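Let us take a walk through a protein together, one stop at a time. Have a look at the sequence and the 3D structure, and then read on.

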Amino acid sequence: MAAPPAKAEEISHPPMDQLQGLEYCIDSNPSWGEAIALGFQHYILALGTAVMIPSFLVPLMGGTDGDKVRVIQTLLFNEGINTLLQTLFGTRLPTVIGGSYAFMVPIISIIQDSSLETIIDPHTRFLNTMRAVQGALIVSSSIQIILGYSQIWAICSRFFSPLGMVPVIALVGFGMFDRGFPLVGSCVEIGIPMLILFVAFSQYLKNFHLKQIPVLERFALIISITVIWAYAHLLTASGAYRHRPEATEFSCRTDRANLISSAPWIKIPYPLQWGAPTFSAGHSFGMMAAVLVSLIESTGAYKAASRLASATPPPAHVLSRGIGWQGTGILLNGLFGTLTGSTVSVENVGLLGSTCVGSRRVIQISAGFMIFFSMLGKFGALFASIPFPIFAAAYCVLFGFVASVGLSFLQFTNMNSMRNLFIVGVSLFLGLSVPEYFREYSIMAHHAPAHTKAGWFNDYLNTIFSSSPTVALLVAVFLDNTLEYKESARDRGMPWWAKFRAFKGDSRNEEFYTLPFNLNRFFPPS
C-alpha cells in the first residue's frame with residue numbers, strides 16, 4: 001500500500017528573520033568570566049591573519065624579524081582600536097575588524113616599484129616602502145569615508161535584494177578556499193588533527209556541560225589549538241623536522257617565526273612611527289580598488305554577522321555608518337603603518353556561529369586583548385608563534401559557516417523560479433571562476449592579466465577581479481536589477497527585505513543598532 005503524500009508543513013520550514021539556537025544574541029551577555037574567556041578565544045583566532053600578512057610582505061620589503069614583529073604589533077593594536085570603534089559607533093555588530101588580503105595586490109605593486117626596488121640598503125628600502133604604503137592607505141581611505149558618512153552606500157544598497165546578496169555573502173566564505181586546506185596540507189601532521197579535533201569538540205561533543213556551560217562547544221577552538229600547539233611543540237623539540245625541506249620546517253615548527261626572540265618586552269605603537277608618509281597618485285589610485293573590495297566584502301560579512309548574532313539585517317544607514325567608520329580605521333592604519341587596510345574578519349564572524357554566542361561585549365573584550373598584548377611584545381609574540389596550519393584547519397570550518405549563512409538567505413526567495421536559479425548559479429560560478437583565472441594566470445605568466453604600462457590601472461583591475469565577493473556582487477546585482485525585476489519583486493525576497501531598510505521599519509532595529517551614550521540625539525537615523 002502506497003504511503004500517504006507528505007503534508008506541506010512536513011517538507012518545508014517557515015522563513016525566520018533571526019537564527020534560532022544561539023545562547024546569547026547581540027545585546028545579551030554571558031557572565032564576565034565566560035565573556036573574558038570567549039574574548040580571548042576571538043583574540044587568538046584574529047592572530048592568524050595579523051601574523052600571516054606581515055610575515056609575507058615584510059621580507060619582500062627588506063625588513064628584518066624585528067621589523068616584522070613591530071608591524072604585527074601595530075596591526076594588532078589597530079585591530080583592537082578599529083574593533084572598538086565599529087562595535088561602539090559603527091554598525092554595532094559583534095565583528096572583529098582585522099587585516100585584509102584585498103590590499104595585497106596594490107601593496108606588492110608598491111614593493112616592486114622601480115624607485116624602491118633599486119634602494120640598496122634593506123632597512124632604508126623597508127622604511128621607504130612602508131611610508132609609500134602609508135601614503136596610499138591614507139589617501140584611499142577617503143573612498144570609504146565619503147561613501148559611508150555621506151550615506152551614498154546606503155543609497156547603493158537599495159539595489160540589493162536577498163537573492164543578490166546570497167552569492168556575495170556565500171563567497172565571503174567560499175572565496176577563502178585557498179586559505180583553508182591548501183595551508184592545512186602544508187603540514188598535515190598538525191593540520192588534520194586540528195581539523196578533526198575542532199569538529200569533534202564543537203559538534204559531536206557539544207552537549208558536554210560543566211557547571212551548566214557547554215564547555216566543549218563554547219571553547220572548542222581554544223582547547224583544540226592548545227592541544228595541537230603542544231603536540232606541534234613536542235614534534236619540534238623531538239627533532240621530527242630536522243633535515244626536512246625548508247617549506248615544511250616553516251609551516252610545522254613552532255620556533256621558526258623568530259617572533260619571541262625579536263619582540264621587545266614593551267612597545268607602544270604610535271602614529272608616524274616609521275616616519276612621514278610619502279604620497280604618489282599612482283600608488284593611491286591602485287589602493288582605492290582594494291578599499292572598494294574591502295567595502296564589498298565587509299558588506300557581505302556584516303549581513304552574515306547580523307544573522308549569527310540573531311539580529312535583524314542592518315538598516316541601510318547603519319550599514320553605511322559602519323563603512324564610514326571602517327574608512328576611518330583604514331586612515332588610522334595608514335597613520336600607524338600596519339602595512340594593510342581593514343576589513344571584517346570573516347573567521348571571527350564564523351566563530352560567532354560555532355560558539356553560539358553573538359554577544360557584542362565578547363568582541364569588545366577581544367579588542368581589549370588585542371590592544372593589551374600588542375603592547376606587551378613578548379607575550380603577544382608567544383601566541384603569535386602558533387603554526388599557520390593550525391589556524392587554516394579552523395578556517396576550513398569557520399569560512400564554511402559564513403558561506404552557509406549566505407545560502408540561508410535563499411529561504412526568503414523563490415528558488416522554483418528559473419530566473420532566480422540562473423542569477424544565483426551564474427553569479428556563484430563566475431565569482432569563483434574569474435578570480436581563479438586571475439590567480440592561475442599570475443602564476444603561469446608571472447604577472448596578472450591586466451599588464452599595461454599604467455600600473456595603477458593594472459592594480460585596479462587585478463584587485464577587483466581577484467575578489468570573489470566583488471565579482472559576485474557585480475554579476476548578481478546587475479542581473480537581479482535588469483532581468484524582469486519589476487515582475488519578480490516577490491520572488492527576489494523584496495517584501496521581506498523592505499521592512500529592514502529603514503531604521504524605523506522594524507521595532508527590533510532600535511534595540512540592536514541605536515548608538516550608545518544617547519548619541520542618536522545628535523546623529524538621528526536618516
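With a relative accessibility of 30%, Cys396 counts as partly exposed. Keep in mind as you look around that this is a predicted model. Cys356 counts as buried, at 16% relative accessibility, because buried means under 20%.

So which cysteines do pair up? The structure holds one disulfide, and it joins Cys187 to Cys252, with 2.0 Å from S to S. Cys187 lies in the loop between α9 (181-184) and α10 (188-204), while Cys252 belongs to helix α13 (residues 246-252), so the bond ties together parts that are 65 residues apart in sequence. The torsion about the S-S bond is about 130°, so this disulfide is right-handed. Are its two ends buried or exposed? Cys187 is buried, at 1% relative accessibility, and Cys252 is buried too, at 0%.

Now step back and take in the whole chain. You can find 26 helices and two strands in it. Its radius of gyration is 23 Å, close to the 24 Å that the globule rule gives for 526 residues, so the chain is as compact as a globular protein of that length. Along the principal axes, the C-alpha atoms fill a box of roughly 75 × 55 × 55 Å. Of the 526 residues, 57% are buried. Among contacts with a separation of 6 or more, 84% are between residues 24 or more positions apart.

Next, let us go inside. The largest nonpolar core has 130 residues, and the members that touch the most others are Tyr43, Phe103 and Met194. Helix α2 (residues 32-60) gives the most to this core, with 13 residues. To see what such a place looks like, click on Met194: leaving aside residues up to four places away in sequence, its contacts are Leu221, Ser224, Ile225, Ile228, Ile390, Ala393 and Ala394. There is also a second, separate core of six residues, including Val424, Val471, Val475 and Leu479.

Helix α16 (residues 316-336) has 21 residues, and at 1.5 Å a residue it should span 30 Å; its end C-alpha atoms are 30 Å apart, which agrees. Of those 21 residues, 17 are buried, so α16 is largely enclosed by the rest of the structure. Just after α16 comes Gly337, with a positive phi of about 85°.

That brings us to backbone angles. Most residues other than glycine have a negative phi. Arg92, in the loop between α3 (65-89) and β1 (97-99), has a phi near 70°. Arg92 is also buried, with a relative accessible area of 10%. Gln151, which is not a glycine either, has a positive phi of about 70°. Look for Gln151 in the loop between α6 (122-149) and α7 (152-156); its relative accessible area is 19%, so Gln151 counts as buried.

Technical notes: Residues are numbered from 1 along each chain as its sequence is written. This is a predicted model: local features need pLDDT of at least 70, side-chain atom pairs count only at pLDDT 80 or more; totals for chains, interfaces and linings use all residues. Side-chain values use heavy atoms; hydrogens and water are left out. Helices (H or I, at least four residues) and strands (E, at least two) are DSSP runs, numbered from the N terminus. The expected span of a helix is 1.5 Å times one less than its number of residues. Buried means under 20% relative accessible area, exposed over 50%, partly exposed in between (1.4 Å probe, protein chains only). A disulfide is a pair of cysteine sulfur atoms within 2.5 Å. A nonpolar core is a set of buried Ala, Val, Leu, Ile, Met, Phe, Trp, Tyr and Cys residues joined through side-chain atoms within 4.5 Å. Contact means heavy atoms within 4.5 Å. The radius of gyration is taken over C-alpha atoms; the globule rule is 2.2 Å times the number of residues to the power 0.38.
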